[in-house]
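Please look through the sequence and the model shown here, and then follow the paragraphs below, which go from one part of the chain to the next.

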Amino acid sequence: MTSLLPFDDFRDLLANLPAPDTVAEARVRALFAKAEKWTNSLGRIEDVAAWLAKWSGRAPPAVTRASMAVFAGNHGVVRHGVSPRPVAATAEAVELCAAGGAAINQICIANDLGLKVFDLALHIPTDDITEDAALDERGCAATMAFGMEAIAGGTDLLCLGDLGVGNSTVAAALFAALFGGRGVDWVGPGSGADAAMQARKAEVVDMALAFHDGHLGDPLEVLRRLGGREFAAIAGAILAARMQRIPVLLDGLAATAAAAVLHAANPAAIDHCLLAGLSPDPAHALAAGRLGLHPLLDLGISHGEGAGAALAAGLVKAAALTSSGMAAAVRG
């Protein structure tokens, strides 16, 4: 039967998530226990390898086709002066990635990651969330479906990042709607906002929450009303990866906010995700804590582009190799 509402297919997926492979996870932990080392001496490396096994179903795990997907979107709320950067900076960043000159290009080369950068109608910013929904339901669902294309072509580790002027304000609005609080509780410097601009960001978030009051009980409604195209696409990518048992690395406020939407719909929806690192924005640590996400890296990165996830991918690949190499020695 064809669904009547655009979000129905996503609600069905969220209600029928694949379970983890706990047998594969237990096998990896058992192999580490038999290896020539003292108990838990490799710390989180052991946990990461077990996580890979649990969500890929391979024990010992392997990462041979890791990929980085960066989603770029623009926001109508920027007209309120919530970012020190012009809207055009989003497209300029995408062009730099396409030319191979961005930080993410170099990190992907270093860690052997495939890179896809998705331009999400940058010439058409979403509607201003202080006076309208960012997207209608059909547009939001279509963008989520487009985000699911991040796994097209095959991957065994999906890294997710974003580009979008003003999207730290949008993320703050999503966090406030999902977790409670006011704008002042969730806004931060973003890409360099001073105290006055941060106060303006907080006011804008409160205006958006007030405008949409009474319509924020459903997480997918929160996404379409207060989010944006990169947020919707990242949510779709996370969900597609889960359905195909692909482990995910999240990077940045936008990816964390998109994950928060799915978590609100089903707390198990992001169990296959790890957080690469925390940006210096205080809201990121607060949101990560609410979601039970513990960052792999502590490098103070706020650059965007998924740089943190691409860096963390190297650590994840090393964890997989450590597990497989030590397992081979145990068998020997």
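The sulfur of C159 lies 7.5 Å from the closest cysteine sulfur, which belongs to C108, and this is too far for a bond, because a disulfide is counted here as a pair of cysteine sulfur atoms within 2.5 Å. By this rule the count of disulfides comes to zero, and C108 is in no disulfide, with the sulfur of C159 as its nearest cysteine sulfur at 7.5 Å. A disulfide, in general, is a covalent bond between the sulfur atoms of two cysteines.

This is a predicted model, in which local features need pLDDT of at least 70 and side-chain atom pairs count only at pLDDT 80 or more, while totals for chains, interfaces and linings use all residues. Residues are numbered from 1 along each chain as its sequence is written, and side-chain values use heavy atoms, with hydrogens and water left out.

C159 is buried, with a relative accessible area of 0%, where buried means under 20% relative accessible area, exposed over 50%, and partly exposed in between (1.4 Å probe, protein chains only). C108 is buried as well, at a relative accessible area of 3%, and its place is in helix 5; helices (H or I, at least four residues) and strands (E, at least two) are DSSP runs, numbered from the N terminus. Helix 5 covers residues 103-110, and in it I104, N105, I107 and C108 are buried. In an α-helix there are 3.6 residues a turn, so residues three or four places apart point the same way. Helix 5 is followed by D112, whose phi is positive, near 55°.

Leaving aside its neighbours within four places in sequence, C108 is in contact (heavy atoms within 4.5 Å) with M68, L113, L115 and A310. The C-alpha atoms of C108 and L311 are separated by 8.0 Å, although these two residues are 203 residues apart along the chain.

The next topic is the aromatic rings. Rings of Phe, Tyr and Trp (its six-membered ring) pair if their centres lie within 6.5 Å, and planes under 30 degrees apart count as stacked, over 60 as edge-to-face and the rest as tilted. By this rule the count comes to five aromatic pairs. One of them is the edge-to-face pair of F118 and F146, at 5.6 Å centre to centre and with 90° between the planes. This pair links distant parts of the chain, since F118 is in strand 2 (residues 114-119) and F146 is in helix 6 (residues 137-147), 28 residues apart. F118 counts as buried at 11% relative accessibility, whereas F146 is partly exposed, with a relative accessible area of 38%.
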